[in-house]
Amino acid sequence: MAEVPAAGRRFRETALGQHLGQLLRDQLGLLGLVLVLLVVLSALFAGWIAPYDPLKIYAGPRLAPPSWEHWFGTDHLGRDILSRVIAGGQVALQVAAATIAAALTLGIALGLLAGYGPEWLDNLLLLLFDAVRSFPVIIFALAVVTLLGPSLYTVILVVTISSVPIYARIVRTQTQAMKHNEFILAERAMGAGPLRILGVHILPNVVGPLLILASMDVPLVIAVEAGLSFLGMGVRPPTPSWGTILNDGYNYIRNSPWPVIAGGIPIVVVTLGFTFLGEALRDIFDPKLRKDL
Amino acid sequence: MTALLEIENLRVRFPTMGPLRARLTGVADPWIDAVCGVSLSIAEGETLGLVGESGSGKSTLARAVMGLVPVAEGQVRVEGRRIDGLGGQALAPFRRRMAMMFQDPVGSLSPRLTVRSLVAEPFRIHGVRDRDLDAEVRRLLGLVGLGPDFAQRFPHQLSGGQARRVGVARALALDPKLIIADEPTAGLDVSVQGEILNLLARLQGEIGVAILIITHNLNVVRHVTDRMAIMYLGRFVEQGATGQVFERPHHPYTEALLSANPEPDPDAVLNRVEIKGEVPSLLRRPAGCEFHTRCLYARERCSSEAPAVSSAGGAHRYTCHFPLGENG
């Protein structure tokens, strides 16, 4: 023990250090972390990692099976699929990050408003949330895409709008449960205004479960993006997206299954990775939610 | 000299159902009066005990004074100025003069804040910037007997007694004239209860703050308060100097409450006055004297005619047709 440097020991004793230790001991959590890091790092350093330009036509023969030159093979235009998968990861993560950041911000704001505001506002917002939630995401997306035209931003907009109610409802319920607590009454008795009560005293108590939910939402968002792109309603070709890779390969699936498999693998990896990670985080931060106890 | 806090004919009402439902179900009066025409005054440096069963409206009264629940009728005056109906900015200067401590010692502290932040809250809320917060926090913690190392702790790391002390420190932060303490000893060990009460008494001697103690613990009232008021169904049934009320209770409810309090002396003659039944529902207040359904001495007149407030000398007042002092 005496040889452990002071800084290292102190880090291990902090809350963050302990949580990290717990995460590394959880095997599925560790696997999730590795998968997520794999995708995130490959997207961040796509320029260095990708062996070819993802847009370059006839980088190799058309529909070539995997080889040392093209690990995932090539598509019907002879583009290198590995490079396209890596570039598609960038698109997927951009959509996921933008969507979840926007949905969290809006969801927290509306949820706090509904939970702490007057009753009529609460009812109005709930009606709005339920109305939005009553559309299946894909159908809603098809409608919006018809209006605004397919693009990356339309995808972000659609998925944001359909996720806001989920976050907002959680925040609202927790805010309502909390606003009659004695510590909130005590703050009001001291003269604290609603902004201070919401920002300093309620928000820190509701974000924990929300962040866990957000990390488990990432694969959902990515799947919707891939789905829309597959249907031609999302990212426009030639920009690579996992959905467009699937779509491109779909026509040649009988003779050459490589493009479809290569487009599907990252979706599976991302889904598993974020789900494992999210569940591990949930177990660490909120042991009460564990199902296996 | 004007009283520090004056409450006149205060009434607090809560709706039992929405207006639409009341209209549809034909309920003429969907309101209940949690506090029903209460008057009292507290002078500077005085300690008043507010006693009553659960649901008698003690806490509601305190919350109405602090502006946490709306006042339906009557007046609340602080240093002669009306504060009922005020909100936000207009109420802020009065909230500096009055501090309230809530029942749950730990639950009334914001769980994610350190003790330092909790004690500094009043300064932040009221924008007091000209003081060194660290020094103030250290001074206040010292005042309630907590070392400066407590500043970095979180509420869940405190015992009930320590959390209560933090609550007292925070109540004292802005040098209030009045502290409202809602069950300051609830949920604490007996020894810790004593410490907290001694602390309050000592601080009152040093600082001269007035204290309104809400409790159902009569020993607390007897040892700490100058005056006491007994509440039943949102009304005062008796109020007066603590010694007088304990010695010569005039209202049968007071007598019953006092006799239910265990005596530490094993040789004391057990002379318990039992009261029957439950507290009546606020939805259906009994006619006449509202206590007659449970009163041992109730007569014909009690069930039809509500008694007026009578005086038993000085500030000792009661609401009963047949007070114990006179014919008992």
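Which residues is B:Ile230 in contact with, leaving aside its neighbours within four places in sequence? Keep that one in mind while we set up the view.

This is a predicted model, where local features need pLDDT of at least 70, side-chain atom pairs count only at pLDDT 80 or more, and totals for chains, interfaces and linings use all residues. Residues are numbered from 1 along each chain as its sequence is written, while chains are lettered from A and ligands numbered from 1 in the order in which they are written.

**Stop 1: B:Ile230**

Select B:Ile230 and the answer shows up around it: B:Val51, B:Gly52, B:Phe236, B:Val237, B:Glu238, B:Gln239, B:His251, B:Tyr253, B:Thr254 and B:Leu257. Contact here takes two C-beta atoms, placed from the backbone, within 7 Å.

Together with B:Ile230, they touch the most other members of the largest nonpolar core, which has 149 residues. Such a core is a set of buried Ala, Val, Leu, Ile, Met, Phe, Trp, Tyr and Cys residues joined through C-beta atoms within 7 Å. Buried means that 20 or more other C-beta atoms lie within 10 Å of a residue's own; 12 or fewer makes it exposed, and anything in between partly exposed, with C-beta atoms placed from the backbone. The largest share of this core, 18 residues, comes from helix H5 (residues 81-116) of chain A. In soluble globular proteins, nonpolar side chains tend to be buried together.

**Stop 2: the eight-stranded sheet**

Switch to cartoon and colour the strands of chain B in the order E6-E7-E8-E3-E9-E10-E12-E11: that is an open sheet of eight strands with mixed pairing. Helices (H or I, at least four residues) and strands (E, at least two) are DSSP runs numbered from the N terminus, and two strands pair if DSSP finds at least two bridges between them. E6 and E11 of chain B each have a single partner strand, so one side of each is left without a neighbour in the sheet.

Next, select helix H10 of chain B, which packs on this sheet and touches E3, strand E9 (227-232) and strand E10 (235-241) of chain B. The direction of H10(B) makes about 105° with that of E9(B). Axes are lines fitted to C-alpha atoms, for helices over the stretch in contact, and angles run from 0 to 180 degrees between N-to-C directions.

Zoom in on E3 (residues 47-52) and E8 (residues 210-215) of chain B, a parallel pair with five bridges. B:Thr47 has B:Ile211 in E8(B) as its bridge partner.

Then slide over to E6 (residues 98-101) of chain B. Which way do its side chains point? B:Met98 and B:Met100 point one way, B:Ala99 and B:Met101 the other, and all are buried. E6(B) runs parallel to E7 (residues 178-182) of chain B, with four bridges joining them, and B:Met100 stands opposite B:Ile180 in E7(B).

**Stop 3: the four-stranded sheet**

Chain B also has an open, antiparallel sheet of four strands, in the order E2-E1-E4-E5. Its edge strands are E2 (31-42) and E5 (81-82) of chain B, each pairing on one side only. Select E4 (residues 73-78) of chain B to see the two bridges that join it to E5(B); B:Arg77 has B:Arg82 as its bridge partner. Lying across E1 (5-15), E2 and E4 of chain B is helix H2 (residues 58-65), which runs at about 70° to E2(B).

**Stop 4**

Pick B:Gly243 in helix H9 (residues 242-247) of chain B. B:Gly243 counts as partly exposed because 13 other C-beta atoms lie within 10 Å. Draw a C-alpha to C-alpha distance to B:Arg227: you get 8.0 Å, for 16 residues of separation in sequence.

Next is B:Ala306, in the loop between helix H10 (252-259) and strand E11 (310-311) of chain B. With 14 other C-beta atoms within 10 Å, B:Ala306 is partly exposed too. B:Ala306 touches B:Gly288 and B:Cys289, not counting residues up to four places away in sequence.

**Stop 5: across to chain A**

Show both chains: 15 residues of chain A are in contact with 18 of chain B. On the chain A side, H9(A) gives the most, with eight residues. By class, this side has seven nonpolar, four polar and four charged residues. Ala, Val, Leu, Ile, Met, Phe, Trp, Tyr, Cys and Pro count as nonpolar, Asp, Glu, Lys and Arg as charged, and the others, Gly among them, as polar.

Finally, view chain A by itself: 12 helices and zero strands. Of its 293 residues, 41% count as buried.
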